[in-house]
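This report describes selected features of one protein model. It covers helix packing, nonpolar cores and backbone geometry.

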Amino acid sequence: MKNIIVILGTRPEAIKLAPVILELRKSANYNITVLNTEQQKELSNQTLQFFGIKADISLDVMAPNQSLSDLQARMLTKLNSIFDESIYDAVIVQGDTMSVFCGALAAFYHKVPVFHVEAGLRSFDLFEPFPEEALRQMTSRICRFHFAPTQKAKQNLLQENIQETDILVTGNTVIDALNCIPQSVQKQALHNLAAKKININDKLVLVTVHRRENHGNRLDNILAALTNLVQKFPEHTFVIPVHPNPNVRGKVVDGLKKFANVILTEPLDYPELVCLMKNAKLILTDSGGIQEEAPTFGTPVLVMRYETERQEGVDAGFTKLVGADTDKIIKQTTVVLSQDKNKTRILDIVNPYGDGHAAKKIAEIFEKVLP
């Protein structure tokens, strides 16, 4: 039996690795260990629980106000101890967080092959997003196999001289995760949202903002745009799950709590967030995963970033980049909210990020290389 350790630490990683974990656990050939660095402690554990997964190892790496350097040092030291204590045949990481980079680096130092899910995403600007663009580029240099979600991601890897035989285009596992939500859970999500006074209708706007590069003046610009919009469209309800990061939380709450058509909530459960994405008239976000998920529902997305590593959605017409530009956010949001919801849906284009079978394709590779 082969020992495989899956390293994750944030909610997006938990969402996107859950289908892979569940698929690999169908085989008697593998012993799967799930390690949660707990880079996002509550959000990641909550999400794993939804999929019926419990972390076997938890690192509790976060400390108040720690720098990226402190986080990296703390995480790498703890991961090194894990690899010293146990022997693994493979490591799986996903995406571009500090947990990904440190997990891959610790494995590399112990000469354990790294399998990178969602490999090859690039913005080609090391500070957009920061520090994720640098982390994923560095991670690619030390991986054995690269599971690219799209052909574009594969081409990015080939341009960086990654061998084509080491790259497999799988689609994005986030689409697999969407398909894991049973009807009963979807109904419960609607009930939970109603209890939070979030009623599903045709005039819902979902807003999420958290990225490190949007802290400071950029967040001020975004909040200025939202302040304008919530007053310009009082008949619309703006739902904002407030990120726990204190650099975001205080400003968002102080800036928007006074408006009657703004609902500020704690971070939502994954099924609740999916329910809002599915039913929203418009999504304003700086998230990466939402850019991939929303096309499944035909929901238009305005990306509050200046660069995106998910260009496929832009090319297909699902998303538009508006950065943290106050005027552009107001202008593009006005275009959508001034129309009826049924005229703004994008339902005649297939989601460019996957078909829901990525985890099976990944498992097939493990059957070949780790029989």
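## Helix packing

In this predicted model, helix 8 (residues 183-195) packs with helix 11 (residues 270-279) at an angle of about 85°. The axes of helix 8 and helix 11 are 9 Å apart. Angles from 65 to 115 degrees count as roughly perpendicular, and helix 8 and helix 11 are therefore roughly perpendicular to each other.

On the helix 8 side, the contact is made by V185, Q186, A189, L190, N192 and L193. Helix 11 contributes P271, E272, C275, L276 and K278. By class, the residues of this contact between helix 8 and helix 11 divide into seven nonpolar, two polar and two charged.

## Nonpolar cores

The largest nonpolar core has 55 residues. I92 and F366 are the residues with the most contacts inside this core. Helix 1 (residues 11-24) supplies the largest share of the core, namely seven residues.

Leaving aside residues up to four places away in sequence, F366 touches I4, L24, Y30, A90, I92, F115, F147 and P371.

## Cis peptide bonds

The peptide bond from E128 to P129 is cis, with omega near 0°. P129 lies in the loop between strand 5 (114-117) and helix 5 (132-141).

F130 and P131 are also joined by a cis peptide bond, with omega about 0°. The place of P131 is likewise in the loop between strand 5 and helix 5.

## Positive phi values

N161 is a residue other than glycine with a positive phi, near 65°. N161 is found in the loop between helix 6 (151-159) and strand 7 (167-169). Is N161 buried or exposed? Exposed means over 50% relative accessible area, so N161, at 64% relative accessibility, counts as exposed.

K197, again a residue other than glycine, has a positive phi near 65°. The loop that holds K197 runs between helix 8 and strand 8 (204-208). K197 has 67% relative accessibility and therefore counts as exposed.

Methods: Residues numbered from 1 in each chain as written. Predicted model: local features only at pLDDT ≥ 70, side-chain atom pairs only at ≥ 80, totals over all residues. Heavy atoms only, no water. Core = buried A, V, L, I, M, F, W, Y, C linked by side-chain atoms within 4.5 Å. Buried < 20%, exposed > 50% of the residue type's maximum accessible area, 1.4 Å probe, protein only. Helix = DSSP H or I, 4+ residues; strand = E, 2+ residues; numbered from the N terminus. Contact = heavy atoms within 4.5 Å. Axes fitted to C-alpha atoms, helices over the stretch in contact; angles between N-to-C directions. Parallel < 35°, antiparallel > 145°, perpendicular 65-115°, else oblique. Nonpolar A, V, L, I, M, F, W, Y, C, P; charged D, E, K, R; others polar.
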